[in-house]
Amino acid sequence: MKASAFLYPWDVVGDPDAAARIADLGVRQVTLASAYHSTRALTPRHPAHRIVTAEHAAVFYPPDEGRWAGHGLRPYTAGEWAPGDAYGEAAAALADAGLDVHTWVVLAHNSRLGSEHPQTSVVNAYGDRYPWAPCIAQPEVREYLVSLAAEAAVRPGAGGTELESCGWYGVSHLHAHDKIAGVALDDPAQYLMSLCFCPACRDGYQGLGVDPGRLAESVRDALEPLWRGGAAQALDAEVAPAVLDFRTRTARTLQEAVVAAVRAAAPAGFQVLLHADPVAHHCGANAGVDPAHILAVADGVVVPCTGGPRLLGPFAEQATDRTVLAANFTVVTGMGGAPTTLAADAKRAADLGATELRLYHAGLASDADLAAVRSALA
């Protein structure tokens, strides 16, 4: 199976041994971040630093000023953590080491955008804004995400792209000292807390005959038992199908537009994959999708498999012999990964239809983790 390792540009730039070290793992490809959210990352082997603080979501190349002139929303460039064309510098070093390079593009996850343009954010049923989550129902946000995808995905020399957060983002953030675990949010509660009530979404509900004010009240009512120590209730059955239909159609049309824009900007043979979850109402980095629909739009999907490859099944049922079905395994022990069982995990994923592997994340892993990966791939 073809394997690709995720990397940040700062894992490579300034480290003359990085590219050869990655190639020595036995991977054929690197999925290199070209547009990413804010993070604080360990660099265990870099000769110049050990911690990189990416203060805000940014692109790691010089954006095209002509593309973005006159746009209210536009990408932010990185600070000292990835200055200039850090992506291009890292990509060139990796290519020189014999590795294929594909871009890694994070879309609807951007805290700085929400901070500086609060009107773009998801708003929950209580009126709380999620500045990390741009609302994909808003025309201005959609235009921004489509343009960003086309530019950040199609970098010089890249053979393809992997699009993360290409759909709804919700209450889960996974950054900035989250303190929301005091009450466990199960799947229904995650969905209810992620429903958006910004003006664009309110108009969308209204257009389907659902009063947004009453809907917000019903969401709060459904969540009330949770705050008292019980379980969240299901959304009113009279409105639940319409709400899910609105959100599903909104995500689908965004995904179609993004993939079309990337393909229009890319050379022939450019591969487009989405990080995806087969449950349509799920939010986050792995966008909830309908497997049949997304595999008719993109070349394939990257599916989270740490903890088990069960999510592969619904995609495998819809796959053709040309579908890329990449099983994504965390190989950083300190982040819950299990690099020592990678060979067995990969075989189990292949038995369920996986055609490729993704390894998260070669830049964050310890030497011992990388040794285990090297052994498994051998």
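His 56 sits in the loop between β4 (51-54) and β5 (58-59); strands here are DSSP runs of E, at least two residues long, numbered from the N terminus. The model is predicted: local features need pLDDT of at least 70, side-chain atom pairs count only at pLDDT 80 or more, and totals for chains, interfaces and linings use all residues. Residues are numbered from 1 along each chain as its sequence is written, and side-chain values use heavy atoms, with hydrogens and water left out.

His 56 has a relative accessible area of 13%, so this residue is buried (under 20%; exposed is over 50%, partly exposed in between; 1.4 Å probe, protein chains only). What surrounds His 56? Beyond neighbours within four places in sequence, its contacts are Tyr 36, His 37, Ser 38, Tyr 76, Thr 77, Trp 81 and Arg 112 (heavy atoms within 4.5 Å).

Now turn to β6, residues 100-106. Of its 7 residues, 6 are buried. Strand β2 (residues 29-36) runs parallel to β6, joined by 6 bridges; pairing requires at least two DSSP bridges. Within this pair, Thr 31 stands opposite His 102. β6 also pairs with β9 (residues 160-164), again parallel, over 4 bridges. There, Val 106 has Glu 164 as its bridge partner.

Tyr 126 brings us to another loop, between β7 (121-123) and β8 (129-134). Its relative accessibility is 34%, so Tyr 126 counts as partly exposed.
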